[in-house]
Amino acid sequence: MRRTILTGDRPTGPLHLGHYAGSLATRVALQHSHDTYLLIADLQALTDHADRPEEIRHNVLEVALDYLAVGIDPKASAIVIQSGVPELAELTGYLLNLVTVARLERNPTVKEEIRQKGFGGEIPAGFLVYPVSQAADITAFRAHLVPVGADQVPMIEQTVELVRRFNRIYGSILVEPEAVVPRVARLPGTDGRAKMSKSLGNAIYLSDLPDVVTEKVMRMYTDPRHARVEDPGQVEGNVVFTYLDAFDEDRPALEALKERYRAGGLGDVALKHHLIDVLHRLLAPIRARRQDFARDPEHVMRILAEGTRRGRAVAGETLARARRAMHLDYEPVPWPPEAA
Ligand code: ATP
Ligand code: MG
């Protein structure tokens, strides 16, 4: 049986190396062996950007360009705009009855994001419940696998709880998903903070020009005790090495580099130049493909319309089953009314 993948991104800005390491690379690798749906989560983006709708709209295209640039094949992967599938909002409504406010407040990722975003006492209700909307996204597509970074693992756990609860009450309708988390599951920021993130301003974007990448790497944080080339350096927790772990495909050479750094005799500048080379090799073809697709935004929007149509067909089917199970399967009222 072919299995289904659902994952996605908030259109709050262009995608960065953290997205690539955390999720995009897995999607590209699995898209031909799985039924893949990629959600551009514009409704979820509005939960903390309610006053910036034009920005979200603009970034839908940016995220789509990044998908196509990294090798997402729109024939294999349906790229779906979340707001184009109203069934997702409907299922969110049903699932909200199956979770307590206390449970939502315990979600560690949401807690961390609330702190980081500085909401203070003014947390938008939509933001607090976004894990439920994410559970609706995953289950509406009947996804088995969800490729995500480490920050999203609590969301998948919460989704599994909701699925069990729903199925216990209404019968076995929803599929229990599983997270697919990569080896480097949380890429730190260039400033050494735990997570590279659009909102923290510590990201290397997939679309950054070579000079910008070079400059960001040269400013990266390394081991503060490694002042002179001869000093032994610390590999663990060294952000430059974490990036190499994620992106340098020559594993034996990387292990040798780590040994030299630990022993002393490898300077930070030489090490950073190596990372710059690795990133240039990774990003050059991505940048070129992005520029190609960016020449024809209407073509990209047609890809999104087609993906959204395919996505809606699947979600509509799940919702029909859910409504039946919940005794909500009335004859639909014709719409628009004159069609009656
Ligand atoms: P925002 O700040 O708007 O929340 P974000 O950078 O956190 O943006 P999302 O759109 O929330 O990005 O995340 C999309 C996907 O990318 C998720 O699967 C998430 O786990 C993954 N991801 C984001 N940042 C990283 C990172 N630094 N390391 C690994 N995975 C990441
Ligand atoms: Mg996020």
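Student: How exposed is D277, and what does that count as?
Tutor: This is a predicted model. In it, D277 has 42% relative accessibility, so it counts as partly exposed.

Student: Where is D277 found?
Tutor: D277 is found in helix α13, which covers residues 268-294.

Student: How far is its C-alpha atom from that of T214?
Tutor: The C-alpha atoms of D277 and T214 are separated by 9.1 Å. Along the chain, the two are 63 residues apart.

Student: New topic, the ligand. Which residues come nearest to ligand 1?
Tutor: There are 20 residues around ligand 1, and T12, D151, K195, K198 and S199 come nearest.

Student: What is the distance between K195 and an oxygen atom of ligand 1?
Tutor: An N or O atom in the side chain of K195 is 2.6 Å from an oxygen atom of the ligand.

Student: And for S197?
Tutor: For S197, an N or O atom of the side chain is 3.1 Å from an oxygen atom of ligand 1.

Student: Which part of R10 is 3.0 Å from an oxygen atom of ligand 1, backbone or side chain?
Tutor: The backbone: a polar backbone atom of R10 is 3.0 Å from a ligand oxygen.

Student: How much of the ligand's accessible area does the protein cover?
Tutor: On its own, ligand 1 has 600 Å² of accessible area, and the protein covers 96% of that.

Student: Which pocket is that?
Tutor: The space taken by ligand 1 is the largest pocket.

Student: What classes of residue make up the shell?
Tutor: The shell around ligand 1 has ten polar, six charged and four nonpolar residues.

Student: Which element gives the most to that shell?
Tutor: Helix α1 does, with three residues. Both α1 (17-30) and β1 (4-9) supply at least two residues each.

Student: Switching to the backbone. Which peptide bond is cis?
Tutor: The bond from W335 to P336 is cis, with omega near -5°. P336 lies in the segment after α14, a helix that spans 297-325.

Student: What about H327, what is its phi?
Tutor: Phi of H327 is near 60°, a positive value in a residue other than glycine. H327 is also found in the segment after α14.

Student: Is H327 buried or exposed?
Tutor: H327 counts as exposed because its relative accessibility is 64%, and the cut-off for exposed is over 50%.

Student: Where is R142, and what is its phi?
Tutor: R142 sits in the loop between α8 (130-140) and β4 (145-147). Its phi is positive, about 55°, although R142 is not a glycine.

Terms used:
Residues numbered from 1 in each chain as written. Chains lettered and ligands numbered in written order. Predicted model: local features only at pLDDT ≥ 70, side-chain atom pairs only at ≥ 80, totals over all residues. Heavy atoms only, no water. Near = heavy atom within 4 Å. Polar contact = N/O pair within 3.5 Å; in protein donor to acceptor, adjacent residues only side chain to side chain. Areas by Shrake-Rupley, 256 points an atom, 1.4 Å probe, with all protein chains shown as cover. 1 Å grid on protein atoms, 1.4 Å probe; cavity = no way out; pocket = protein on both sides within 12 Å on 5 of 7 lines; lining within 4 Å. Sits in = over half its atoms within 2 Å of the grid points. Helix = DSSP H or I, 4+ residues; strand = E, 2+ residues; numbered from the N terminus. Nonpolar A, V, L, I, M, F, W, Y, C, P; charged D, E, K, R; others polar. Buried < 20%, exposed > 50% of the residue type's maximum accessible area, 1.4 Å probe, protein only.
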